[in-house]
Amino acid sequence: MTKILEVTDVSKAYGGVKANEDISLSIDQGSIVGLIGPNGSGKTTLFNSIVGAHPIDKGSIKFNNEELSTLTVDQISRRGLLRTFQQTKIYGQMTCMMNMKISKKLTGKFSDMFQTIPKEVEEEAEQILSFVGLYQKRNLRAGELSFGQQKLLELAMALINAPKMLILDEPTAGINPTLINGIVDRLIKVNKKYNITLFVIEHNMRVIMNLAQKIYCMAYGRILAEGKPEEIKNDKKVIDAYLGAAH
Ligand SMILES: Nc1ncnc2c1ncn2[C@@H]1O[C@H](COP(=O)(O)OP(=O)(O)O)[C@@H](O)[C@H]1O
Ligand SMILES: [Mg+2]
């Protein structure tokens with residue numbers, strides 16, 4: 001299996017807090033991998049390191065064999081590694097279509113903001129909106145969408161840049177339980193139809209067990225366990241970490 005992402009011995013501290021210590025993991029191209037762990041165990045910190053949001057203290061992060069840890073967020077996203085669901089980045093006053101168009105990175109020059117958007121981008125935006133189930137809402141202001149629909153719009157805004165890998169921080173957080181299955185189905189389709197590798201932080205155990213082929217569990221800034229969903233579910237260290245955190 002080709003590795004799309006390889007994290008080796010990565011550490012990151014905030015002052016005295018060792019948020020990540022000697023993290024190593026690897027992700028096969030085309031797979032869906034989960035990251036679980038109690039609150040404060042360092043999951044978001046790791047995602048921030050991967051996308052270049054902050055410098056790491058030590059270690060290496062390779063995407064398609066290229067070292068990422070010296071690159072900026074923008075350089076990393078241009079290589080096809082995108083993060084979504086960290087915060088809502090949609091513009092509520094603009095229509096869904098307009099949000100899609102401004103998300104599309106053209107040449108990357110600031111002057112693009114003032115250029116007319118090519119017809120192909122318009123068609124592509126419509127196709128992707130229809131893929132996430134928002135085609136009917138394309139001319140509505142994004143602020144009028146439900147929270148779950150806004151998450152789907154964010155997903156669509158990432159897809160228009162044709163990423164190779166998406167990393168998703170708690171995609172179902174705050175979503176009505178009845179809509180969660182819709183998000184999970186969409187993510188599975190994103191993986192299959194567009195062949196996009198997914199790395200997903202998820203609190204909802206049922207969701208991650210259904211979604212991921214492999215799961216890493218973190219605790220206290222370290223990787224505690226890795227394995228298939230069934231292995232993780234029955235791992236005593238994982239069970240103890242969650243029970244420990246709950247008490
Ligand atoms: N920007 C920051 N400044 C200081 N401490 C932080 C910052 N971000 C996270 N931390 C600390 O790092 C640890 C890991 O946090 P985080 O990565 O957000 O965990 P998780 O996403 O698993 O809940 C926690 O102790 C948290 O308080
Ligand atoms: Mg977090």
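Which residue just after H4 takes a positive phi? That's Gly-133, with a phi of about 85°. Keep in mind that this is a predicted model.

Let's stay with helix H4, residues 119-131. Its 13 residues should span 18 Å at 1.5 Å a residue, and the end C-alpha atoms are 19 Å apart, which agrees. Ala-125, Ile-128 and Leu-129 are buried in H4. They sit on the same side of the helix, because they cover an arc of only 100° around the axis. The cover over these buried residues includes helices H3 (96-103) and H5 (147-159). On the face turned away from the buried side, you'll find Lys-119, Glu-120 and Glu-123, which are exposed.

Now zoom out. The chain has 9 helices and 10 strands. Its radius of gyration is 18 Å, close to the 18 Å from the globule rule for 247 residues, so the chain is as compact as a globular protein of that length. Here are some more whole-chain values:

| Property of the chain | Value |
|---|---|
| Box filled by the C-alpha atoms, along the principal axes | roughly 55 × 40 × 35 Å |
| Residues that count as buried | 36% of 247 residues |
| Contacts between residues 24 or more positions apart | 67% of contacts with a separation of 6 or more |

Finally, the ligand. The residues around ligand 1 include Tyr-14, Asn-39, Lys-43 and Thr-44. By class, this shell has 3 nonpolar, 7 polar and 1 charged residues. Strand S2 (17-28) and helix H1 (43-50) each supply at least two of its residues, and H1 gives the most, with 3.

Terms used. Residues are numbered from 1 along each chain as its sequence is written. Chains are lettered from A and ligands numbered from 1 in the order in which they are written. This is a predicted model: local features need pLDDT of at least 70, side-chain atom pairs count only at pLDDT 80 or more; totals for chains, interfaces and linings use all residues. Helices (H or I, at least four residues) and strands (E, at least two) are DSSP runs, numbered from the N terminus. The radius of gyration is taken over C-alpha atoms; the globule rule is 2.2 Å times the number of residues to the power 0.38. A residue is buried if 20 or more other C-beta atoms lie within 10 Å of its own, exposed if 12 or fewer, and partly exposed in between; C-beta atoms are placed from the backbone. Two residues are in contact if their C-beta atoms, placed from the backbone, lie within 7 Å. A residue is near a molecule or strand if its C-beta atom, placed from the backbone, lies within 6 Å of it. Ala, Val, Leu, Ile, Met, Phe, Trp, Tyr, Cys and Pro count as nonpolar, Asp, Glu, Lys and Arg as charged, and the others, Gly among them, as polar. The expected span of a helix is 1.5 Å times one less than its number of residues. The arc is that of the directions from the helix axis to the C-beta atoms.
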